[in-house]
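Me: I would like to go through the labels used for this model and ask what each one rests on. Please set the values against the criteria as we go.

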Amino acid sequence: MPGQNSQSKLDPAQTQQMIRFAVRKPWENANSITQEGVRTVGLLPQANVNLVRSLSGAVMANRSMHADAVRIRYKQDKSPFVRGGSWNMQDIKFNTGGTLRNWSYLMISMGGLPDAFDQASLQSTVAQFHKALQDMGITAAAPTPGSRIVVNTPDNTRIETALKNVAGDPRQTRLVLIIITTVNTLLYNRVKHIGDVKVGVHTVCVVGSKFAKSQPQYFANVALKFNLKLGGINQLVDNTRFGIINEDKTMVVGIDVTHPSPGSASNAPSVTGMVASVDKWLGQWPADLRIQESRREM
């Protein structure tokens with residue numbers, strides 16, 4: 001029944017829809033409150049005369065404090081163009097670009113789903129992305145030739161074999177770009193597990209249909225991930241108001257715990273993640289992760 005609390009795990013499409021709803025504009029939320037909200041809880045005067053004598057339907061205006069936005073600085077003290085919560089990264093270079101001497105790419109096609117590339121267009125798009133990396137300040141060599149595989153399920157063993165072959169010696173290859181046919185959480189998790197645990201190489205995943213458009217903003221968003229994995233600093237925050245953090249003697253630590261969601265297995269664990277800053281620039285945040293067994297106290 002619509003409008004009820006969900007007690008089951010959301011699929012990727014439902015999660016995206018929930019996120020879109022959560023980031024609505026303030027005026028959209030105000031309209032929902034004054035129109036749908038009062039109707040849903042029965043607060044319309046004609047529906048509940050004894051409880052509600054008068055209801056104008058207008059949102060009350062209250063005085064509030066407004067904090068100035070913190071200034072974000074890129075190379076040569078440039079700031080991105082921000083509008084409506086979106087950042088335009090055109091003509092922006094990273095504050096500190098990383099170095100990428102050895103990297104490659106792997107395209108994973110799912111059987112039955114159309115690909116966004118043939119071999120020629122894939123190589124052309126990767127070459128355009130390589131130029132975008134350089135334009136944003138990453139010292140990137142040309143990628144070594146990648147490959148393409150076709151699998152029917154995310155647990156296919158060919159994925160691990162292909163990633164090992166593309167990566168070669170993980171002591172030399174810094175990063176592998178993974179191009180997948182469509183959004184697939186199971187496949188993404190599988191790739192990350194193989195790269196992080198079994199091969200020991202950084203991976204960045206992109207969706208083929210989006211990557212194929214070669215849009216500068218999308219390339220810039222992917223380059224942000226590349227640069228952080230290479231140890232670079234994407235942007236600096238104006239730290240003149242940071243007090244003791246600006247003295248380079250304070251570590252900022254973030255910790256979060258994720259507990260099993262509704263519908264999870266009875267023995268599903270809790271997961272704890274922690275990140276911490278390494279200097280006053282707050283540009284790199286090494287992470288740690290721990291698993292807590294189900295129903296086991298610390």
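Me: What is the bridge partner of V275 in β13?

Reply: The model is a predicted one. In it, V275 is bridged to A287 of β13. Another such pair is M274 with D288, the latter again in β13.

Me: Why are β12 and β13 called paired?

Reply: Pairing requires at least two bridges between the strands.

Me: What makes β11 and β13 edge strands?

Reply: The open sheet consists of 3 strands in the order β11-β12-β13, with antiparallel pairing. β11 (253-258) and β13 (287-292) each have a single partner strand, so one side of each has no neighbour in the sheet. From one strand to the next, the twist averages 15°.

Me: How do you know that β13 is hardly covered?

Reply: A residue is buried if its relative accessible area is under 20%. Among the 6 residues of β13, the count that passes as buried is 0.

Me: Why is β5 described as largely enclosed?

Reply: In β5, 8 of the 8 residues are buried, so the rest of the structure largely encloses this strand. Both faces are covered. W103, Y105, M107 and S109 are buried on one side, and S104, L106, I108 and M110 are buried on the other. In a regular strand, side chains alternate between the two faces of the sheet.

Me: Which strands pair with β5, and over how many bridges?

Reply: β5 pairs with β8 over 6 bridges in the parallel sense, and 5 bridges join β5 to β7, also parallel. Since at least two bridges are needed, both links count as pairing. I108 has I180 in β8 as its bridge partner, while M110 stands opposite V151 in β7.

Me: What is the order of the sheet that holds these strands, and which strands stand at its edges?

Reply: This open sheet of 4 strands has the order β7-β5-β8-β9, with parallel pairing. β7 (147-151) and β9 stand at the edges; each has a single partner strand, so one side of each is left without a neighbour in the sheet. Neighbouring strands are turned against each other by 25° on average, direction ignored. β8 and β9 run parallel and are joined by 6 bridges, and L177 has V204 as its bridge partner in β9. Helix α5 (residues 185-199) packs on the sheet, touching β5, β8 and β9, with its direction at about 160° to that of β9.

Me: What makes about 170° the angle for α7, and which strands does α7 lie across?

Reply: α7 lies across β5, β8 and β9 and runs at about 170° to β9.

Me: Which residues touch the most other members of the largest nonpolar core?

Reply: The core has 31 residues, and L100, F129, L133, L177, F211 and F226 touch the most other members. At least two residues each come from β5 (103-110), α3 (119-135), β8 (175-180), β9 (202-207) and α7 (216-229). α7 gives the most, with 6 residues.

Me: What does F226 contact beyond its neighbours within four places in sequence?

Reply: F226 is in contact with L100, W103, F129, L133, I138, L175, L177 and V204. Apart from this core lies another, of 19 residues, among them V151, A162, V191 and C205.

Me: Why is T99 called partly exposed?

Reply: T99 has a relative accessible area of 30%. Buried means under 20% and exposed means over 50%, so 30% falls in between and T99 is partly exposed. T99 belongs to strand β4 (residues 99-100). Not counting residues up to four places away in sequence, T99 touches T139, R174 and L230.

Me: Where is the centre of the largest pocket, in terms of the closest residues?

Reply: Of the 36 lining residues, Y188, K192, C205, K225 and K229 are the closest to the centre. About 1,500 Å³ of space lies in this pocket. α1 (12-22), α5, β9 and α7 each give two or more residues to the lining.

Terms used: Residues numbered from 1 in each chain as written. Predicted model: local features only at pLDDT ≥ 70, side-chain atom pairs only at ≥ 80, totals over all residues. Heavy atoms only, no water. Axes fitted to C-alpha atoms, helices over the stretch in contact; angles between N-to-C directions. Core = buried A, V, L, I, M, F, W, Y, C linked by side-chain atoms within 4.5 Å. Buried < 20%, exposed > 50% of the residue type's maximum accessible area, 1.4 Å probe, protein only. Contact = heavy atoms within 4.5 Å. 1 Å grid on protein atoms, 1.4 Å probe; cavity = no way out; pocket = protein on both sides within 12 Å on 5 of 7 lines; lining within 4 Å. Points joined across faces, edges and corners; volume = space filled by probe spheres on them.
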